[in-house]
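Dear colleague,

Please find below the structure that I am handing over to you. My findings follow directly after it.

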Amino acid sequence: MDDDTVIYAGVEAIRSTALAVQCLVDSREIWIPRSQIGDDSEVQDSGDCGELIVTEWFARKEGLPPGVCEHGHTNWHFLADETWCYGPFRYES
Ligand SMILES: [Zn+2]
């Protein structure tokens, strides 16, 4: 998965189907298509609890809060040595 992603910490998967997983994210119950969940996500199936990795595209579409990198930015930005910071972008509820 090459898309930009956002990490949501402390997420619980409530139930799941072959196509989607319903998660409790930032106090909201949201159905997330499996295609939008990262391979490295700790949350993949019903009963999982931990870090959920979703595409930034989906997070924006659902109005989820943006993740923040270790420098406090919500988007790609230059570092002092003029390289890019690509995150990871995390959100802790
Ligand atoms: Zn950064």
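**Findings**

With 6 C-beta neighbours inside 10 Å, Ser27 counts as exposed, since the cut-off for that class is 12 or fewer. Ser27 sits in the loop that joins β2 to β3. Its phi is positive, at about 65°, although Ser27 is not a glycine. Please bear in mind that the model is a predicted one.

Glu82 is not a glycine either, yet it has a positive phi of about 70°. Glu82 is placed in the loop between β5 (77-78) and β6. With 6 other C-beta atoms within 10 Å, Glu82 is exposed.

The backbone has a further feature at a proline. The peptide bond that leads from Gly87 to Pro88 is cis, and its omega is near 15°. Pro88 belongs to the loop between β6 (84-85) and β7.

I turn now to the chain as a whole. The chain contains one helix and seven strands, and their order along the sequence is β-β-β-β-α-β-β-β. The radius of gyration is 13 Å, close to the 12 Å that the globule rule gives for 93 residues, so the chain is as compact as a globular protein of that length. Along the principal axes, the C-alpha atoms fill a box of roughly 45 × 25 × 20 Å. Of the 93 residues, 27% are buried. Among contacts with a separation of 6 or more, 45% are between residues 24 or more positions apart.

Strand β7 pairs with β1 (residues 5-16) in the parallel sense, over four bridges. In this pairing, Val6 stands opposite Phe89.

Which residues have the most contacts inside the largest nonpolar core? They are Val6, Tyr8, Cys23, Val25, Leu52 and Val54, in a core of 19 residues. Two or more core residues come from each of β1, β2 (20-25), β3 (28-33), β4 (49-55) and β7. Strand β1 gives the largest share, five residues. As general background, nonpolar side chains tend to be buried together in soluble globular proteins.

Neighbours within four places in sequence aside, Cys23 is in contact with Val11, Glu12, Ala13, Ile14, Ile30, Ile32, Val43 and Leu52.

Finally, is Pro33 buried or exposed? Pro33 is exposed, because 12 other C-beta atoms lie within 10 Å of it and the cut-off is 12 or fewer. Pro33 is part of strand β3. Residues up to four places away in sequence aside, Pro33 touches Leu19 and Ala20. Val21 is twelve residues from Pro33 in sequence, and their C-alpha atoms are 6.5 Å apart in space.

With kind regards

Note on methods. Residues are numbered from 1 along each chain as its sequence is written. This is a predicted model: local features need pLDDT of at least 70, side-chain atom pairs count only at pLDDT 80 or more; totals for chains, interfaces and linings use all residues. Two strands pair if DSSP finds at least two bridges between them. The radius of gyration is taken over C-alpha atoms; the globule rule is 2.2 Å times the number of residues to the power 0.38. A residue is buried if 20 or more other C-beta atoms lie within 10 Å of its own, exposed if 12 or fewer, and partly exposed in between; C-beta atoms are placed from the backbone. Two residues are in contact if their C-beta atoms, placed from the backbone, lie within 7 Å. A nonpolar core is a set of buried Ala, Val, Leu, Ile, Met, Phe, Trp, Tyr and Cys residues joined through C-beta atoms within 7 Å.
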